[in-house]
Amino acid sequence: IFSKQRAMSSFFSFPHPVNDKASRVIATGVSCMAVQYLATGWTWVLGVMSCGFVSRVLGGPKLSPLGLFATKVVAPRLGKPHWSSGPPKRFAQGIGAAFSITALILSLLGHVPEAKIVIVNLLVACGLEALLGFCLGCKVFALGMKVGIFPADSCETCGDPSKGCPKPAQ
């Protein structure tokens with residue numbers, strides 16, 4: 001039974017550290033989906049976006065087609081990885097899941113203008129990550145650590161940025 005638990009916890013794990021280049025590629029893909037939804041109003045795009053966010057929260061990029069494409073195809077071609085902490089990125093994916101699921105529910109209930117407002121806000125956050133490498137969710141996570149919402153040891157780099165992010169185990 002312990003090996004099954006270990007296999008499940010490994011399957012539903014999030015990478016630490018995370019290659020920021022892959023994160024930016026994912027944010028670019030999500031931004032494209034957000035623009036597509038805003039331009040067309042196609043609710044199915046929100047379904048795809050929501051599933052992607054939920055899969056990345058649950059298991060990192062290995063459960064997400066966009067995540068796999070970013071980590072296995074695009075990021076390796078962008079040069080040397082730039083590592084950042086995993087816990088804040090997982091938190092940011094969770095915020096993306098909350099926004100995209102909210103927009104999906106609003107759209108399904110016929111509240112399309114409200115859904116589009118939610119997606120515009122998501123697009124701003126994803127656009128900042130994609131274009132500038134500024135992770136808004138990561139900043140909120142660090143603030144949450146400062147005020148005690150998240151344990152101080154949940155991200156050593158967030159608590160002391162001078163430490164830098166560890167390289168992944170080989």
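Helices here are DSSP runs of H or I with at least four residues, and strands are runs of E with at least two, both numbered from the N terminus. By that rule, Val 48 has its place in helix α3. The model shown in these views is predicted.

**Figure 1. Overview of the elements of the protein.** The protein has eight helices and two strands. Read from the N terminus, the order of these elements is α-β-α-α-α-β-α-α-α-α. Of the 170 residues in the protein, 37% are buried. Contacts between residues at least 6 apart in sequence were also sorted by separation, and 73% of them join residues at least 24 apart.

Figure 2. The bond that runs from His 16 to Pro 17 is cis, and its omega is near 5°. Pro 17 belongs to the loop between α1 (2-11) and β1 (18-19). For background, most peptide bonds are trans.

**Figure 3. The contact between helices α2 and α4.** Helix α2 covers residues 20-40 and helix α4 covers residues 65-74; their axes come within 9 Å and cross at roughly 135°. The crossing of the two helices is right-handed. From α2, the residues in the contact are Ala 22, Val 25, Ile 26, Gly 29, Val 30 and Met 33. From α4, they are Leu 66, Gly 67, Ala 70, Thr 71 and Val 74. Sorted by class, eight residues of the contact are nonpolar, three are polar and none is charged.

**Figure 4. Val 73 in helix α4.** Val 73 is found in helix α4. With a relative accessible area of 34%, Val 73 is partly exposed, because that class lies between the limits of 20% and 50%. Val 73 and Ala 22 are 51 residues apart in sequence, while their C-alpha atoms are 9.4 Å apart in space. Ala 22 is one of the α2 residues in the contact with α4.

**Figure 5. The contact between helices α3 and α6.** Helix α3 (residues 43-59) packs with helix α6 (residues 112-132) at an angle of about 50°, and the two axes are 14 Å apart. The pair is therefore oblique. α3 passes α6 in a left-handed crossing. Leu 46, Met 49 and Phe 53 of α3 make the contact with Ile 119, Leu 122 and Cys 126 of α6. Six residues of this contact are nonpolar, with no polar and no charged ones.

**Figure 6. Val 48 and Ser 100.** Val 48, in helix α3, is partly exposed and has a relative accessible area of 43%. Ser 100 is 52 residues away from Val 48 along the chain, and the C-alpha atoms of the two are separated by 9.4 Å.

**Figure 7. Surroundings of Ser 107.** Ser 107 lies in helix α5. Its relative accessible area is 8%, so Ser 107 is buried. Apart from neighbours within four places in sequence, Ser 107 is in contact with Tyr 37, Thr 43, Leu 46, Val 112 and Ala 115. Among these, Leu 46 also takes part in the contact of α3 with α6.

Figure 8. In helix α7 (residues 136-146), the buried residues are Gly 137, Cys 138, Phe 141, Gly 144 and Met 145. Seen down the axis of α7, these buried residues fall within an arc of 115°, so they line one face of the helix. In general, an α-helix has 3.6 residues a turn, so residues three or four places apart point the same way. Leu 143 and Lys 146 are exposed on the other side of α7. Gly 148 follows α7 and has a positive phi, near 90°.

**Figure 9. The contact between helices α5 and α7.** Helix α5 (residues 86-108) packs with α7 at an angle of about 115°, with the axes 8 Å apart. α5 is thus roughly perpendicular to α7. The crossing in which α5 passes α7 is right-handed. On the α5 side, Pro 87, Pro 88, Lys 89, Phe 91, Ala 92 and Ile 95 meet Gly 137, Cys 138, Val 140 and Phe 141 in α7. By class, this contact holds eight nonpolar residues, one polar and one charged. Gly 137, Cys 138 and Phe 141 are among the buried residues of α7.

Notes: Residues numbered from 1 in each chain as written. Predicted model: local features only at pLDDT ≥ 70, side-chain atom pairs only at ≥ 80, totals over all residues. Heavy atoms only, no water. Buried < 20%, exposed > 50% of the residue type's maximum accessible area, 1.4 Å probe, protein only. Arc of directions from axis to C-beta. Axes fitted to C-alpha atoms, helices over the stretch in contact; angles between N-to-C directions. Parallel < 35°, antiparallel > 145°, perpendicular 65-115°, else oblique. Left-handed = near helix turned anticlockwise from the far one by under 90°. Contact = heavy atoms within 4.5 Å. Nonpolar A, V, L, I, M, F, W, Y, C, P; charged D, E, K, R; others polar.
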